[in-house]
Amino acid sequence: MRMDPNSPVNSCSTDNENGDPGKMFIGGLSWQTTSEGLREYFGKFGEIKECVVMKDPVTQRSRGFGFVTFNDPASVDKVLGGPHELDAKTIDPKVAFPRKRVIKVFFSLMEYILGGRLSVCL
(Lines give C-alpha, C1' and ligand atoms only; values in the text may rest on other atoms or scores of the structure.)
Protein backbone atom coordinates (compact mmCIF):
# COMPACT_ATOMS: atom_id res chain seq x y z
CA MET A 1 0.00 0.00 0.00
CA ARG A 2 1.31 3.45 -0.91
CA MET A 3 0.83 6.18 1.64
CA ASP A 4 0.09 9.79 0.82
CA PRO A 5 2.85 11.85 2.51
CA ASN A 6 0.36 14.70 2.96
CA SER A 7 -2.15 12.51 4.76
CA PRO A 8 -2.90 13.50 8.40
CA VAL A 9 -2.64 9.85 9.44
CA ASN A 10 -0.08 7.08 9.31
CA SER A 11 -2.22 4.04 8.53
CA CYS A 12 -1.60 0.31 8.20
CA SER A 13 -4.88 -0.17 6.36
CA THR A 14 -7.37 1.78 4.30
CA ASP A 15 -10.35 -0.07 5.78
CA ASN A 16 -12.12 2.29 8.18
CA GLU A 17 -15.47 1.26 9.60
CA ASN A 18 -17.16 3.58 12.06
CA GLY A 19 -19.02 1.79 14.82
CA ASP A 20 -16.87 -1.33 14.67
CA PRO A 21 -17.12 -3.18 18.02
CA GLY A 22 -13.45 -4.18 17.72
CA LYS A 23 -12.23 -0.57 17.50
CA MET A 24 -10.20 1.04 20.28
CA PHE A 25 -8.94 4.56 20.94
CA ILE A 26 -5.31 4.53 22.08
CA GLY A 27 -4.31 7.66 23.99
CA GLY A 28 -1.03 8.79 25.48
CA LEU A 29 1.18 7.63 22.60
CA SER A 30 4.80 8.70 22.38
CA TRP A 31 5.65 11.11 19.56
CA GLN A 32 7.88 8.33 18.18
CA THR A 33 5.18 5.64 18.06
CA THR A 34 4.31 4.54 14.51
CA SER A 35 1.37 2.56 13.17
CA GLU A 36 3.74 -0.36 12.69
CA GLY A 37 4.79 -0.18 16.35
CA LEU A 38 1.15 0.00 17.40
CA ARG A 39 0.35 -3.04 15.23
CA GLU A 40 3.27 -4.99 16.66
CA TYR A 41 2.33 -4.22 20.28
CA PHE A 42 -1.42 -4.86 20.03
CA GLY A 43 -1.00 -7.85 17.71
CA LYS A 44 -0.34 -10.02 20.76
CA PHE A 45 -3.99 -9.49 21.82
CA GLY A 46 -5.51 -10.61 18.52
CA GLU A 47 -5.50 -10.20 14.76
CA ILE A 48 -5.58 -6.54 13.74
CA LYS A 49 -7.76 -5.29 10.92
CA GLU A 50 -6.55 -1.66 11.05
CA CYS A 51 -4.22 0.59 12.97
CA VAL A 52 -3.73 4.33 12.67
CA VAL A 53 -1.56 6.91 14.43
CA MET A 54 -3.15 10.32 13.97
CA LYS A 55 -0.85 13.07 12.70
CA ASP A 56 -1.00 16.83 12.48
CA PRO A 57 -1.81 17.68 8.84
CA VAL A 58 0.69 20.56 8.75
CA THR A 59 3.69 19.25 10.69
CA GLN A 60 3.08 15.51 10.09
CA ARG A 61 3.99 14.99 13.75
CA SER A 62 2.05 12.48 15.83
CA ARG A 63 -0.89 13.93 17.74
CA GLY A 64 -0.28 11.42 20.55
CA PHE A 65 -3.24 9.13 19.89
CA GLY A 66 -4.44 6.55 17.44
CA PHE A 67 -6.89 3.75 16.78
CA VAL A 68 -6.61 -0.04 16.60
CA THR A 69 -9.36 -2.23 15.17
CA PHE A 70 -9.35 -5.95 15.91
CA ASN A 71 -11.00 -8.58 13.70
CA ASP A 72 -12.46 -10.20 16.84
CA PRO A 73 -14.20 -7.81 19.29
CA ALA A 74 -13.22 -10.20 22.15
CA SER A 75 -9.66 -8.91 21.76
CA VAL A 76 -10.83 -5.55 23.13
CA ASP A 77 -11.59 -7.18 26.50
CA LYS A 78 -8.10 -8.68 26.57
CA VAL A 79 -6.57 -5.23 26.05
CA LEU A 80 -8.73 -3.64 28.75
CA GLY A 81 -7.43 -6.20 31.25
CA GLY A 82 -4.28 -4.38 32.28
CA PRO A 83 -1.81 -1.50 32.10
CA HIS A 84 0.12 -0.96 28.86
CA GLU A 85 3.47 0.62 28.03
CA LEU A 86 4.72 1.33 24.51
CA ASP A 87 7.87 3.21 23.53
CA ALA A 88 8.68 3.91 27.21
CA LYS A 89 5.31 5.60 27.78
CA THR A 90 2.16 4.42 29.58
CA ILE A 91 -0.67 4.36 27.06
CA ASP A 92 -4.41 4.49 27.65
CA PRO A 93 -6.51 2.16 25.46
CA LYS A 94 -10.28 2.63 25.55
CA VAL A 95 -13.26 1.35 23.57
CA ALA A 96 -13.87 3.72 20.64
CA PHE A 97 -17.31 5.17 20.03
CA PRO A 98 -18.43 6.56 16.65
CA ARG A 99 -18.57 10.37 16.56
CA LYS A 100 -22.22 10.42 15.50
CA ARG A 101 -23.16 8.34 18.52
CA VAL A 102 -21.22 10.60 20.90
CA ILE A 103 -22.83 13.71 19.42
CA LYS A 104 -26.31 12.14 19.63
CA VAL A 105 -25.77 11.20 23.30
CA PHE A 106 -24.51 14.74 24.04
CA PHE A 107 -27.57 16.38 22.49
CA SER A 108 -29.93 13.93 24.19
CA LEU A 109 -28.32 14.76 27.52
CA MET A 110 -28.54 18.51 26.85
CA GLU A 111 -32.20 18.18 25.89
CA TYR A 112 -32.86 16.32 29.14
CA ILE A 113 -31.01 18.96 31.18
CA LEU A 114 -32.88 21.78 29.46
CA GLY A 115 -36.24 20.04 29.89
CA GLY A 116 -36.93 19.51 26.20
CA ARG A 117 -36.06 23.12 25.28
CA LEU A 118 -32.95 22.27 23.23
CA SER A 119 -34.57 23.25 19.90
CA VAL A 120 -35.24 26.74 21.34
CA CYS A 121 -31.52 27.14 22.14
CA LEU A 122 -30.36 26.05 18.66
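Visitor: How exposed is K94?
Guide: K94 counts as partly exposed, because its relative accessibility is 42%. Here buried means under 20% relative accessible area, exposed over 50%, and partly exposed in between, with a 1.4 Å probe and protein chains only.

Visitor: What kind of model is this, and how are residues numbered?
Guide: This is a predicted model with residues numbered from 1 along each chain as its sequence is written, and side-chain values use heavy atoms, with hydrogens and water left out. Local features need pLDDT of at least 70 and side-chain atom pairs count only at pLDDT 80 or more, while totals for chains, interfaces and linings use all residues.

Visitor: Which side chain does K94 meet in a salt bridge?
Guide: K94 pairs with D92, at 3.3 Å from N to O. A salt bridge is a side-chain nitrogen of Lys or Arg within 4 Å of a carboxyl oxygen of Asp or Glu. D92 is also partly exposed, since its relative accessibility is 38%.

Visitor: How many salt bridges are there in the whole structure?
Guide: The search finds 2. One of them joins the side chains of K49 and D20, at 2.7 Å from N to O. K49 is in strand β3 and D20 in the loop between β1 (9–11) and β2, so this pair ties together parts that lie 29 residues apart in sequence. Helices (H or I, at least four residues) and strands (E, at least two) are DSSP runs, numbered from the N terminus.

Visitor: And how accessible are K49 and D20?
Guide: K49 is partly exposed because its relative accessibility is 24%, whereas D20, at 10%, counts as buried.

Visitor: Let us step back. In what order do the elements run?
Guide: From the N terminus on, the order is β-β-α-β-β-α-β-β-α-α. That gives the protein chain 4 helices and 6 strands. Of its 122 residues, 34% are buried.

Visitor: What share of contacts comes from residues 24 or more positions apart?
Guide: They account for 64% of the contacts with a separation of 6 or more. Contact means heavy atoms within 4.5 Å.

Visitor: Which residues touch the most other members of the largest nonpolar core?
Guide: Of its 16 residues, they are I26, L29, L38, F42, V68, F70 and I91. At least two residues each come from β2 (23–27), α1, β3 (48–55), β4 (62–70) and α2 (74–79). A nonpolar core is a set of buried Ala, Val, Leu, Ile, Met, Phe, Trp, Tyr and Cys residues joined through side-chain atoms within 4.5 Å. In soluble globular proteins, nonpolar side chains tend to be buried together.

Visitor: What does L29 contact beyond four places in sequence?
Guide: L29 is in contact with L38, V53, G64, F65, G66, L86, K89 and I91.

Visitor: Which residues form a nonpolar patch on the surface?
Guide: L80, V95 and F97 do, with about 260 Å² of accessible area together. Patches are made of residues with over 30% relative accessible area and no salt bridge; like charges are joined within 9 Å, nonpolar side chains (Val, Leu, Ile, Met, Phe, Trp, Tyr) within 5 Å. Accessible areas come from the Shrake-Rupley method with a 1.4 Å probe, and for residues only the protein chains shown count as cover. L80 sits in the loop between α2 and β5 (84–86) and is partly exposed, at 41%.

Visitor: Now the serines. Where does S35 lie?
Guide: S35 is in helix α1 (residues 35–42) and is buried, with a relative accessible area of 0%. A polar atom of the S35 side chain lies 3.2 Å from the backbone nitrogen of V53. A polar contact is a pair of N or O atoms within 3.5 Å; within protein, one must be able to donate a hydrogen and the other to accept it, and residues adjacent in sequence count only if both atoms are side-chain atoms.

Visitor: And what does S62 touch?
Guide: Residues up to four places away aside, S62 touches S30, W31, V53, M54 and K55. S62 belongs to strand β4 and is buried, at 8%. Its side chain has a polar atom 3.0 Å from the backbone nitrogen of G64.

Visitor: What about phi at Q60 and A88?
Guide: Neither is a glycine, yet phi is positive at about 65° for Q60 and about 60° for A88. Most residues other than glycine have a negative phi. Q60 is in the loop between β3 and β4, and A88 in the loop between β5 and β6 (89–95). Q60 is partly exposed, at 24%, while A88, at 74%, is exposed.
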